[in-house]
Amino acid sequence: FAGLADVSISEDIPVEGEITVPVGSRSPDEDFSTLDEPVRDTIMRDLKAVGKKFVHVMYPKKSSALLRDWDLWGPLVLCVSLALMLQGGSADSKDDGGPQFAEVFVIIWFGAVVITLNSKLLGGTISFFQSLCVLGYCVLPLTVAMLVCRLVLLAGSGTISFVIRLIVVVAMFGWSTLASTAFLADSQPPNRKALVVYPIFLFYFVISWMILTFTPQ
Amino acid sequence: IACFLMYLLAEFDDAANLLAANPDATTISIDEPAEIPKNQHGRLQEPGREEDDELLGTDDSDKTELLAGQKKSAPFWTFEYYQTFFDVDTYQVLDRIKGSVFPVPGKNFVRLYIRSNPDLYGPFWICATLVFTIAVSGNLSNFFIHLGKPTYHYVPEFRKVSIAATAIYAYAWLVPLALWGFLMWRNSKVMNIVSYSFLEIVCVYGYSLFIYIPTAILWIIPQKVVRWVLMMFSLCLSGSVLVMTFWPAVRDDNRRIALATVGTIVLLHALLAVGCLAYFFDAPELDFPAPIIPAHNGTVNKVRIQ
């Protein structure tokens with residue numbers, strides 16, 4: 001090691017740099033840390049997001065808010081409430097009654113997944129969960145229709161009530177289809193739009209059929 | 001089943017290899033349906049079979065170059081592989097539906113419309129539509145038939161949807177599987193000019209079911225004669241599409257086997273139609289109670305029971 005005795009670090013080489021240790025809370029990141037906020041704030045934020053999306057569905061304009069901040073809370077709430085309202089129908093014959101709770105659930109979610117896969121396979125640019133989110137939220141008009149139908153059926157189940165229910169369901173079916181098409185059609189290649197819109201039409205038609213044929217016991 | 005799946009995969013790989021084996025093939029972009037058809041698996045065509053050419057829908061029987069080997073070259077576990085089965089535009093789907101409803105005598109549906117671009121969009125969504133159409137129409141028809149009766153309480157009969165779905169999807173996918181296996185087996189014994197891939201057979205079956213959708217809607221009419229006439233009509237149309245597709249594939253075989261194959265195809269198709277009519281649509285009964293009127297010579301007019 002004799003040769004190394006000559007090696008020394010010259011004092012001319014400047015040593016520079018910054019060493020900072022973050023102490024305390026980082027103030028620009030306070031907005032992202034939601035652990036310290038009250039629970040009420042957390043819940044209200046999610047509820048407001050869901051409510052804003054409901055408003056977007058009822059007045060469908062070409063806004064990207066529904067697509068950008070997708071969530072599946074709204075579709076879950078809608079699906080559960082629709083499936084619950086479809087219970088209690090004519091169940092005197094188990095085989096011929098209306099759809100069970102699980103059947104409604106499966107139809108809505110499996111149908112939405114299949115339609116999303118279909119649009120992606122045809123070359124759509126929308127993401128999987130965004131499409132699920134839109135399809136689920138656009139069930140809202142049909143849930144409203146189900147509510148109206150049940151209220152009308154409380155009053156009676158004759159021909160007039162059937163006509164009212166028919167008009168309401170048809171109107172809400174058209175609203176659902178138009179709302180979801182308004183959000184989803186832009187992400188499709190232009191010469192395949194009809195191929196993507198038709199399954200959405202079929203999906204909401206099946207849900208409308210389930211709502212219209214609901215007969216109380 | 002594992003061996004069969006491996007054979008299926010090998011078949012797809014073979015097709016991909018054959019398509020990729022010709023790097024000098026000219027790339028023709030598919031923009032309009034009137035394009036030069038490609039030779040599917042590179043099999044040579046015998047000269048002098050003009051009727052084959054007519055049935056194949058092409059006059060250029062010596063065009064053996066393969067189109068660009070971009071189709072189906074992705075491995076089967078990627079999403080792009082399945083996207084190649086949905087590579088159709090709206091007008092192509094509409095054209096194929098039109099071709100299945102108005103079969104041109106002598107023209108092969110596969111060669112004329114599919115042209116080596118089989119899609120899964122048509123078969124899947126036509127089957128889905130048919131399932132719901134049959135279930136809804138059956139329900140409506142039963143409602144109208146039993147409307148006046150005091151003991152009748154309307155039920156949505158939702159169970160029948162799952163039964164309809166099972167029946168129709170099983171028919172549209174398992175029968176083509178069996179037929180494809182059978183044709184492959186016969187192909188190994190007798191060299192056939194025309195052979196179809198599994199997806200093309202699924203395509204033909206799927207599109208041939210389209211005519212049953214308006215038929216099912218019209219079956220709401222509670223007249224037995226009308227229903228049977230409709231069924232015969234739609235059976236002839238879709239049956240002819242199937243027969244004209246598969247006759248060239250079995251024609252070179254033993255005469256009896258060819259006839260038996262085509263007969264089985266038509267029979268299964270008829271069974272599906274008859275089964276749907278019988279199960280989902282109740283028999284229409286009397287619309288009105290006919291009074292028993294004593295005729296002039298004293299005999300009693302019998303009530304016509306359906």
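**A buried proline and an interface**

Mentor: Let us begin with one residue: B:Pro123 lies in helix H6 of chain B, where helices are DSSP runs of H or I of at least four residues, numbered from the N terminus. The model is predicted, so local features need pLDDT of at least 70 and side-chain atom pairs pLDDT 80 or more, whereas totals for chains, interfaces and linings use all residues. Residues are numbered from 1 along each chain as its sequence is written, chains are lettered from A and ligands numbered from 1 in the order in which they are written, and side-chain values use heavy atoms, with hydrogens and water left out.

Trainee: Is B:Pro123 buried or exposed?

Mentor: Buried means under 20% relative accessible area, exposed over 50%, and partly exposed in between (1.4 Å probe, protein chains only). B:Pro123 has a relative accessible area of 1% and is therefore buried.

Trainee: With which residues is B:Pro123 in contact, leaving aside its neighbours within four places in sequence?

Mentor: Contact means heavy atoms within 4.5 Å. On that basis B:Pro123 touches B:Val202, B:Cys203, B:Gly206 and B:Tyr207. The C-alpha atoms of B:Pro123 and B:Val204 are 8.2 Å apart in space, although 81 residues separate the two in sequence.

Trainee: How many residues does each chain bring to the contact between chain B and chain A?

Mentor: Chain B brings 25 residues and chain A brings 34 residues. Buried area is the accessible area (1.4 Å probe) that two parts lose on being put together, summed over both. Here it is about 2700 Å², with 65% from carbon and sulfur atoms. On the chain B side, B:Trp125, B:Phe158 and B:Arg159 lose the most area to chain A, together 25% of what that side buries.

Trainee: How many salt bridges are counted between chain B and chain A?

Mentor: A salt bridge is a side-chain nitrogen of Lys or Arg within 4 Å of a carboxyl oxygen of Asp or Glu. The count between the two chains is 3. One salt bridge joins the side chains of A:Arg192 and B:Asp89, at 2.9 Å from N to O.

Trainee: Which helices of chain B supply at least two residues each to the side that touches chain A?

Mentor: They are helix H3 (79–83), helix H4 (90–101) and helix H6 (121–145). H6(B) gives the most to that side, with 9 residues.
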